[in-house]
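Please keep the sequence and the structure in view while reading.

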Amino acid sequence: MRKVGLLGGTFDPPHIGHLFIAQEVQRRLGLDEVWFIPAYEAPHKAKSNTDADLRLQMVQAAINDNHRFRMNAIEVERLGKSYTFDTIKLLQEKHPNTAFHFIIGADLVESLHTWHHIDELVNMVTFAGVGRPGYKLETVYPVTYIEIPQLEISSSMIRSRIEQGASVRYLVPNAVFDMIKEQELYAER
């Protein structure tokens, strides 16, 4: 049976923190691959600032140089709000010989009790929780905790820096940095 990590999010934009988390969890759990799953519309967040197709392009550009990383556009293709339960059901139907490990930050670990069909979901995937500044890895649900160095980088911080005219070079992969500049993303117009 293959072991695949799933890293979901809006990836608006994808940054080195996403890549670092994926790499560390992949290595520590011995996963065959990590699939990045950009949300069309995340249920716990405000609507994304950037068009879904452009976010897909940025994720693909960010992961191109890692043979263990893949992008899966399942949630963008479905449109609307994406619930992890529905995504996992579809992935298990398409990939029956795969054990999925859903990678989440401590902020999401703390809110697992609010997730759609969480009692069923914990029997469908293994949750892999990583620390995040300002949050505790505490929940009544089963989560495999992965201790990794914490990078205080977020997509909202990157968007804010761009709006303020500050550089985000070295916070995002070079290919993403180039796309942000070429498309003039996140800057006030």
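A residue is called buried if its relative accessible area is under 20%, exposed if the area is over 50%, and partly exposed in between, with a 1.4 Å probe and protein chains only. The model is predicted, so local features need a pLDDT of at least 70 and side-chain atom pairs count only at pLDDT 80 or more, whereas totals for chains, interfaces and linings use all residues. Residues are numbered from 1 along each chain as its sequence is written, and side-chain values use heavy atoms, with hydrogens and water left out.

The account begins with the strands. Helices (H or I, at least four residues) and strands (E, at least two) are DSSP runs, numbered from the N terminus; two strands pair if DSSP finds at least two bridges between them. Strand β1, residues 2-9, pairs with strand β4, residues 98-105, in the parallel sense over six bridges. β1 also pairs in the parallel sense with strand β2, residues 33-38, again over six bridges. Leu 6 has a bridge partner in each of these neighbours: Phe 102 in β4 and Trp 35 in β2. Together with helix α1, residues 16-29, strands β1 and β2 make a right-handed β-α-β unit. Right-handed here means that, with the strands pointing away from the viewer, the path from the first strand over the helix to the second runs clockwise.

The loop between β1 and α1 deserves a separate look. Most residues other than glycine have a negative phi, and most peptide bonds are trans. Phe 11, which lies in this loop, has a positive phi, near 50°. Phe 11 is buried, because its relative accessible area is 2%. A cis peptide bond joins Asp 12 and Pro 13, with omega about 5°, and Pro 13 also has its place in the loop between β1 and α1. Elsewhere, Glu 184 has a positive phi near 55°; Glu 184 lies in the segment after α8 (174-183).

The backbone oxygen of Pro 13 lies 2.7 Å from a polar atom of the Ser 155 side chain. A polar contact is a pair of N or O atoms within 3.5 Å; within protein, one must be able to donate a hydrogen and the other to accept it, and residues adjacent in sequence count only if both atoms are side-chain atoms. With contact meaning heavy atoms within 4.5 Å, Ser 155 touches Asp 12, Pro 13, His 15 and His 18, not counting residues up to four places away in sequence. Ser 155 counts as buried because its relative accessibility is 12%.

How many of the twelve residues of α2 are buried? Nine of them are, and the helix is mostly covered; among the buried residues are Leu 54, Arg 55, Met 58 and Ile 63. The buried residues of α2 pack against α1, β2, β3 (69-71), α3 (74-78) and α8. Asp 51 caps the N-terminal end of α2, with a side-chain oxygen 3.1 Å from the backbone nitrogen of Asp 53.

The aromatic side chains complete the picture. Rings of Phe, Tyr and Trp (its six-membered ring) pair if their centres lie within 6.5 Å; planes under 30 degrees apart count as stacked, over 60 as edge-to-face and the rest as tilted. By this rule there are six aromatic pairs. The rings of Phe 36 and Phe 69 have centres 5.2 Å apart and planes at 65°, so this pair is edge-to-face. The pair links distant parts of the chain, since Phe 36 is in strand β2 and Phe 69 in strand β3, 33 residues apart. Phe 36 is buried because its relative accessible area is 1%, and Phe 69 counts as buried because its relative accessibility is 7%. The rings of Phe 102 and Phe 127 have centres 6.1 Å apart and planes at 80°, so this pair is edge-to-face too. Phe 102 lies in strand β4 and Phe 127 in strand β5, residues 126-130, so the pair ties together parts that are 25 residues apart in sequence. Both Phe 102 and Phe 127 are buried. Finally, ring pairs link Phe 11, Phe 36 and Phe 69 into a cluster.
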